[in-house]
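These are my notebook entries on one structure. I wrote down what I looked up, in the order I looked.

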Amino acid sequence: MIRTAFFTVITVLFFFVLWFHNPFVAHESYKVPAEHMKIIEDYGRYAKEGKQLFEQNCQSCHSVRYDAVYPASIQANPNLKALQEKYGKVLPRDVYEATFYSDLMALKESFGKVPPDLSTMYIARGPEYLYNFILEPQKVLPGTSMPPVMTGRPEETAKIVAYLRSVSEPDPAEKNKRALMGVFTIGYLILMGLLLWIWRKKLLEKMGLH
Ligand code: HEC
């Protein structure tokens with residue numbers, strides 16, 4: 001019994017750590033003012049506005065491939081439409097990189113590296129880092145070639161982060177499904193642990209060892 005309880009606690013603890021305080025996710029010390037954090041948390045409401053701001057301020061360099069948003073030079077490339085008819089709006093990465101190689105290299109030529117695709121940047125960096133980096137790139141990443149396009153516009157910056165979040169997060173139905181799946185998995189493990197323990201006890205009794 002003690003052993004079962006022990007393993008149950010360990011299992012639950014393991015998933016708790018992964019979900020609520022994942023040590024593999026960077027816990028940055030960057031701050032976001034409360035009123036702007038609200039915008040990022042309410043991302044469903046601000047995503048559309050954020051996307052427009054992104055198109056105006058960021059799309060000259062960056063793509064958000066998961067949302068079929070490509071850098072301005074590529075957006076203007078006549079090949080894009082034909083490819084999208086063939087592969088769908090969101091192009092496979094290899095097709096995208098091979099076809100627009102020279103456009104991407106032109107960006108690299110200008111900035112020292114290809115400005116990264118921002119589809120999953122929210123997951124990789126989190127809201128605090130993104131908000132501060134976009135607002136003042138030099139402060140967060142000294143020497144970066146990313147220009148300070150949003151400096152002095154914190155609210156609009158928060159809306160852009162909200163947009164990036166909306167792209168990187170699965171929609172709410174999918175999220176609920178995943179949460180439910182997690183609960184089922186833990187429930188299953190606990191149940192199996194209990195059944196095994198009962199079975200073991202029965203076996204021991206049968207063998208006259210109990
Ligand atoms: C003139 C080109 C240009 C524009 C405009 C631009 N960026 Fe960038 N951005 C870059 C480059 C180049 C890098 C790579 C910088 C580096 O690694 O030093 C970068 C990097 C980034 C990163 C990754 C930072 C990291 O830690 O790796 C984010 C996020 C980002 N940009 C967001 C934005 C957003 C949001 C906008 C619009 C408000 C924007 N950028 C506008 C060129 C640009």
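I looked up where the ligand sits, and found it in the second largest pocket. A pocket here is an open set of points on a 1 Å grid over the protein atoms alone, with protein on both sides within 12 Å along at least five of seven lines. A molecule sits in a pocket if more than half of its atoms lie within 2 Å of the pocket's grid points.

I noted the ground rules. This is a predicted model, in which local features need pLDDT of at least 70 and side-chain atom pairs count only at pLDDT 80 or more, while totals for chains, interfaces and linings use all residues. Residues are numbered from 1 along each chain as its sequence is written, and side-chain values use heavy atoms, with hydrogens and water left out.

Which residues coordinate the iron atom of the ligand? I found His62, through NE2, and Met146, through SD, at 1.9 to 2.0 Å. Donors are N, O and S atoms within 2.8 Å of the metal (3.2 Å for Na, K and Ca), and sites may look incomplete because water is not among the atoms. The two residues come from distant parts of the chain, 84 residues apart. Histidine 62 is in the loop between helix H3 (43-57) and helix H4 (72-75), and methionine 146 is in the loop between helix H9 (137-140) and helix H10 (154-168). Helices are DSSP runs of H or I with at least four residues, numbered from the N terminus.

I then looked up the geometry. The iron site is octahedral, with angles of 88 to 178 degrees among its six donor atoms. Six donors count as octahedral if opposite donors are over 155 degrees apart and all others between 65 and 115. Ideal angles for six octahedral donors are 90 or 180 degrees.

Buried means under 20% relative accessible area, with a 1.4 Å probe and protein chains only.

A polar side-chain atom of lysine 113 is 2.8 Å from an oxygen atom of the ligand. The side chain of threonine 144 has an N or O atom 2.8 Å from an oxygen atom of the ligand.

Which side chain does serine 63 contact at 2.6 Å? It is that of aspartate 117. The side chain of serine 119 also has a polar contact with aspartate 117, at 2.6 Å. A polar side-chain atom of serine 119 lies 3.0 Å from the backbone nitrogen of arginine 65. Serine 63 is in the loop between H3 and H4, and serine 119 is in the loop between helix H7 (101-111) and H8. Serine 63 is buried at 4% relative accessibility, and serine 119 is buried at 0%.

Methods: Four donors count as tetrahedral if all angles lie between 85 and 135 degrees; four count as square planar and six as octahedral if opposite donors are over 155 degrees apart and all others between 65 and 115; anything else is irregular. A polar contact is a pair of N or O atoms within 3.5 Å; within protein, one must be able to donate a hydrogen and the other to accept it, and residues adjacent in sequence count only if both atoms are side-chain atoms. On a 1 Å grid over the protein atoms alone, a cavity is a set of points where a 1.4 Å probe fits but cannot get out, and a pocket is an open set with protein on both sides within 12 Å along at least five of seven lines; lining residues have an atom within 4 Å of a point. Buried means under 20% relative accessible area, exposed over 50%, partly exposed in between (1.4 Å probe, protein chains only).
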